Number of protein chains: 2
Amino acid sequence: MPRTATPDSQTASRKLEMILRHSARVFAEKGYEGASIRDISRASGVSLSGLYYYVESKQKLLYLIQIHTFNTILSQLRRNLESVSDPAARLRILVHNHLEYFLRHPMEMKVLAREDDVLAGEYRREVAEIKRRYYGTALEIFEELRRAGQARQLNPRIAVLSLFGMMNWIHTWHRPQVDPQAEALSDVMSQMFLHGVMNGHPVDSQKTSRAARSTLKVAARAAG
Amino acid sequence: MPRTATPDSQTASRKLEMILRHSARVFAEKGYEGASIRDISRASGVSLSGLYYYVESKQKLLYLIQIHTFNTILSQLRRNLESVSDPAARLRILVHNHLEYFLRHPMEMKVLAREDDVLAGEYRREVAEIKRRYYGTALEIFEELRRAGQARQLNPRIAVLSLFGMMNWIHTWHRPQVDPQAEALSDVMSQMFLHGVMNGHPVDSQKTSRAARSTLKVAARAAG
DNA sequence: TCGTTATTCGAACGAACGTTCGACTCAGGA
DNA sequence: TCCTGAGTCGAACGTTCGTTCGAATAACGA
């Protein structure tokens, strides 16, 4: 009982997206190595060999998930940062953007956080490159904070990687029914980070939080 | 060319320890599912079937690594906490104990951090139980901080899990040749957490840091 | 109506997987 | 001297792995 074939490029790319969604779920549940192509075939309803019509290998499947997730989260971040110049507010936006996406796409983010050193060759290089750009953006914001006199003389690398640690570790413990959602979570983590990093200069949490929130609402509407 | 057989129970358990060390390295490098028993056989110099004389399955190998690591880190923590009552100092000890062990046994800790949901059945239950006890200890310290008026009204679960996130994420980025060692790292992370969590009450970093350090030196000597 | 192109899949490939088995060695006690 | 038991391993078990191949189907332009 074959589905009606529609040689429509939009339908084809939609099916690829559907395969990627199911793949992300399976990878998140069993890990990349622990998941088999047959698991993905079963989960997506596409036959084993049918999968290879859309994606040339298991590695490419992981690559597509990772690169697409990073691209989306990074371009959303840049859009959200555009109109804000206050360093503390920019930091809040980064945290909120990350956590918002994290909780909206937990499977993809879990795959991003866990399967860090699986890819090889060109795939690996490309994912590493975009990750480096994302990290660089965070580093710049931290330097702005410092220039504005709102951050202590901390090793910026450690400060920023600690922040990412806080955020990315979430995939190991967050239960949507029990734990706070992105809004509250990013408020807490931004505050923890800003207080933890500043030195004597109290952060105006009212102002920066409001600025970040209004920008993000626009973004949320745009993203649907 | 068989090694000389020494029916000495100490030799046997030493060999098991050796196998566990090599297993941890292989699991850390390729992930649990990505690593094969043959990889471990090659790495440890024990034949494929020889491995099964010491450990009954691949799962048990992972279980033994995880339970031993948790037991060690938890009992060391309790020893280090015994003589200290100041909440901020106790928090510093927890962080230092965790990072010290982390950087001394990076392979084991990477396996602990990554292979969280691989185990099944009884093995899973036992590891979950000891992890819960470790987490509970951290939670108690946070509550002490709060009772002492040194912590804001934060969701304790989120605060503590964020701290573990900071610390455990290290396995994805720390390069021993480039990055600070346990001493400096735990100073920075303790400070970030304590400042991030407190409210108006400045933390006496001199005093608490000194207290923690002298206790930990004793422990370091004891651990060899 | 025919030929082309896009799409799908059952069946199979060789390789690698975790685990088992039986045979072997060797030291120490009887 | 023979026996026992701890230790070791090569060879093989049946299963699952990622990937490939060729045939089948359906829609569409000519």
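At what angle do α4(B) and helix α7 (residues 121-147) of chain B pack, and how far apart are their axes?

Modeller: This is a predicted model, in which local features need a pLDDT of at least 70 and side-chain atom pairs count only at pLDDT 80 or more, whereas totals for chains, interfaces and linings use all residues. Residues are numbered from 1 along each chain as its sequence is written, and chains are lettered from A and ligands numbered from 1 in the order in which they are written.

The pair in question packs at an angle of about 20°, and the axes of α4(B) and α7(B) are 10 Å apart. Helices (H or I, at least four residues) and strands (E, at least two) are DSSP runs, numbered from the N terminus. Axes are lines fitted to C-alpha atoms, for helices over the stretch in contact, with angles from 0 to 180 degrees between N-to-C directions. α4(B) and α7(B) are therefore roughly parallel to each other; angles under 35 degrees count as roughly parallel, over 145 as roughly antiparallel, 65 to 115 as roughly perpendicular and the rest as oblique. Their crossing is left-handed, that is, the near helix is turned anticlockwise from the far one by less than a right angle, clockwise being right-handed.

On the α4(B) side, the residues that meet α7(B) include B:Tyr63, B:Ile67, B:Phe70 and B:Leu74. Among their counterparts in α7(B) are B:Tyr123, B:Val127, B:Ile130 and B:Tyr134. The residues of this contact (C-beta atoms, placed from the backbone, within 7 Å) divide into nine nonpolar, four polar and three charged. Here Ala, Val, Leu, Ile, Met, Phe, Trp, Tyr, Cys and Pro count as nonpolar, Asp, Glu, Lys and Arg as charged, and the others, Gly among them, as polar.

α4(B), which spans residues 58-81, also packs with α5(B), residues 87-104; their axes come within 10 Å and cross at roughly 145°. α4(B) passes α5(B) in a right-handed crossing. B:Ile73, B:Gln76, B:Leu77, B:Asn80 and B:Leu81 are the α4(B) residues that meet α5(B). B:Leu77 also belongs to the α4(B) residues that meet α7(B). The contact of α4(B) with α5(B) has six nonpolar, four polar and one charged residue.

The wider setting is the pair of chains.

Between the chains, 25 residues of chain A are in contact with 25 residues of chain B. α8 (156-168) and α9 (182-197) of chain A each supply at least two residues of the side that touches chain B. That side of chain A comprises 13 nonpolar, nine polar and three charged residues. The copies meet through the same surface, because 100% of the interface residues of chain A are also interface residues in chain B.

As to confidence, chain A averages a pLDDT of 88, and 83% of its residues score at least 70; pLDDT is the predictor's confidence in each residue, from 0 to 100.

Terms used. Two residues are in contact if their C-beta atoms, placed from the backbone, lie within 7 Å.
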